[in-house]
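Let's take a walk through the charged pairs in this one. Have the model open and follow along.

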Amino acid sequence: MANENSPLLAYRLLGEEGVSFPANGAGGPGGASARKLSTFLGVVVPTVLSMFSIVVFLRIGFVVGHAGLLQALAMLLVAYFILALTVLSVCAIATNGAVRGGGAYFMISRTLGPEVGGSIGLMFYLANVCGCAVSLLGLVEAMLDVFGADATGSSGLRILPQGYGWNLLYGSLLLGLVGGVCTLGAGLYARASFLTFLLVSGSLASVLVSFVAVRPRDIPLTPRPGPNGSSLPPQFGHFTGFNSSTLKANLGAGYAKDYTTGATMTFASVFAVLFNGELKDPSRAIPLGTIVAVAYTFFIYILLFFLSSFTCDRILLQEDYGFFQAISLWSPLVLTGIYATSLSASMSSLIGASRILHALAQDNLFGVILAPAKVVSQGGNPWGAVLYSWGLVQLVLLAGKLNTLAAVVTVFYLVAYAAVDLSCLSLEWASAPNFRPTFSLFSWHTCLLGVRKYLLRLDVRKDHVKFWRPQLLLLVGNPRGALPLLRLANQLKKGGLYVLGHVTLGDLDSLPSDPVQPQYGAWLSLVDRAQVKAFVDLTLSPSVRQGAQHLLRISGLGGMKPNTLVLGFYDDAAPQDHFLTDPAFSEPADGTQEGGSPALSTLFPPPRAPGSPRALSPQDYVATVADALKMNKNVVLARACGALPPERLSRGSGGTSQLHHVDVARLRIFLCLGPREAPGAAEGRLRALLSQLRIRAQVQEVVWGEGAASSQEPEEEEEGDFVNGRRGDAEAEALACSANALVRAQQGRGGGGGPGGPEGGDGEEGPATALTFLYLPRPPADPARYPRYLALLEILSRDLGPTLLIHGVT
């Protein structure tokens, strides 16, 4: 049978059937007749066929058997909700002018430009190519299930040899048949679609009648191998007819192992089978035809879910996904439906792929590579694009892994549909003059929901460390003194979100107007002048601490929200005015810029004079750190970043950060051991971890804390945290001094290595340390100990040069 990762709901956005492609793009032989297709034949029939794919016969039992009726219905509602949102966007784009080859791609290309349309069209093209291969592999599996030499069906026609080579041969022969039909033209497929629709409808009708007409029966299940290759006793599934006890037993979920793969099913894995989001291409009648097709298929799926839950026990549903044949009045009719839908889906995918490729070639997006894809027959059929696509599908068939291909198809379609929704959203928000669709049952709300749903569907592991990026909120009081830190944070964000935050002290109730709004222009000019990629977020608050809480909560959008708070270090160093020394901020002596606007230096107050009161007390500073950790945000405290040379904060050639350039930066990791820890073991574990993470660094073990009380067990404290342990003030201060001395002793020692060099430090002198990273202990629970906490951090990082103290919440 077809694999469990094949989609149950399929709805495809492809090139439309029955549309001609003359060389001049303006019509041609066959075009008039092609456009005489009614809404039913031109839209409803092909759309229903794409949604009633092969797995409608093979995966109803899979979904209901594992998820239960209630969760299955919930999945169906969610799937159709996502489907409906994108259908609205596609309908809008499809009715924004005359549709030509490539369907929605053509309309996106003509509305947003060929570059945008080309990127989306390429996703659709690759999805269709892989989708064609998936359909053909599913058809081969369905045929071998009955006619294969190792078949488990009851027909007894075991005449086809099996194996990778044979399966590839069968798939290639079927592809040749499909390619031949597509080469003859979309018109032939359009006429054959109605016949396929009748066969599928007849098969489904026989299934629905069978639920009512067939009497209760026991259905033998395919034998499963037991432990050590032993055979298990025969098992039977039960078709009970309409039975309230059967329905009650099938209401709840019963996730178990999938008998075809041995993998244990979950809500997510079953939903992935139920929906992988394929949309059918539009024509002029797409709004009415598509909506009718979606409503019709939704009704049929609901009906099949209910009938299966009412009449089939859980064993039958979970152990025989093709049980429709076993309960059918005439099983060959079900097989006919399976084969017809699979063949239809493969032809639809190949035709759609060729039409999209032809449209891409017409836009000259890939130069001479796709020049042959422009060739069309006298009847307007792009046979050059068909041959291109046929060859690529043949290559994909070599994989022979339906599971893998189904996952690839899902990703391609979801990315493409998110792009379609995003395109529609951007056109609607921008009030683009060339976006005037005749279909008006959509709004920016539906587009935005569609984008969000598809991104959530794709981002199933969004919290995994492999996909993590630092998304920084840098809290700045006066940018005159924070300019080096502002640029350093721009490098550390590594392609993530970067927000510059500033808190203006005040209470809006006592002010005649909002003082924050006039400040945005100055901060945006600062971002431009400093040449950093950052957003600006300003707020008004009675205290800096409360303002920081506001910014941590409201900055960003959706998943793009700050996960890390960056603060300058709280010490007694006199503030510097970097505007006076930075060449990018040099300005005329009269205090004006080009055009007569005020100079940037006049828009920000001078730095705080030494000894003058601060806007943020030491108590509130540490409390702000504690607040961020409570809100599950990482914290970075940056000290002495003004000592970083300007060239290390600039952008290198090709946009490469000089601080991180492989020829400049060397990463050394010092593994701190307690006085009683044996060397070697911890270093080995760290080296293994670095190898898995593909981080090239030197590792050096260092022993510290010899002055600590010998009775103190290291496990009683968080590693490296001498701030919050049970030690007294004097002992904690001694440890902080010891750690500080250890780091200073190593800062000028290159370790004799570098990337690719020896990993152990040998004491050789090397380049001085550019930037030091230290562990930041969590603030104490007692606010009365905040001043002691800040004092210990000052001792720990004293005279270390540019330093980042970091606490990661995960």
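Is Arg798 buried, partly exposed or exposed? Arg798 is partly exposed, at a relative accessible area of 37%; on this scale buried means under 20%, exposed over 50%, and partly exposed in between, using a 1.4 Å probe and protein chains only. The side chain of Arg798 meets that of Glu794 in a salt bridge, 2.6 Å from N to O. Follow the shared partners and you get one network made up of Asp571, Arg639, Glu794 and Arg798.

Before going on, a word on the ground rules. This is a predicted model, where local features need pLDDT of at least 70, side-chain atom pairs count only at pLDDT 80 or more, and totals for chains, interfaces and linings use all residues. Residues are numbered from 1 along each chain as its sequence is written, and side-chain values use heavy atoms, with hydrogens and water left out.

There are seven salt bridges in the structure, each being a side-chain nitrogen of Lys or Arg within 4 Å of a carboxyl oxygen of Asp or Glu. One of them pairs Asp627 with Arg545, with 2.6 Å between the closest N and O atoms. That pair ties together distant parts of the chain: Asp627 sits in helix 20 (residues 618-630) and Arg545 in helix 19 (residues 544-554), 82 residues apart. Helices here are DSSP runs (H or I, at least four residues), numbered from the N terminus. Asp627 is buried at 8% relative accessible area, while Arg545 is partly exposed at 28%.

Now look at helix 21 (residues 681-692), where Arg687 and Glu683 are about one helical turn apart because four residues separate them. Their side chains form a salt bridge at 2.4 Å, N to O. Glu683 is buried, at 18% relative accessible area, and Arg687 is partly exposed, at 22%.

Technical notes. Helices (H or I, at least four residues) and strands (E, at least two) are DSSP runs, numbered from the N terminus.
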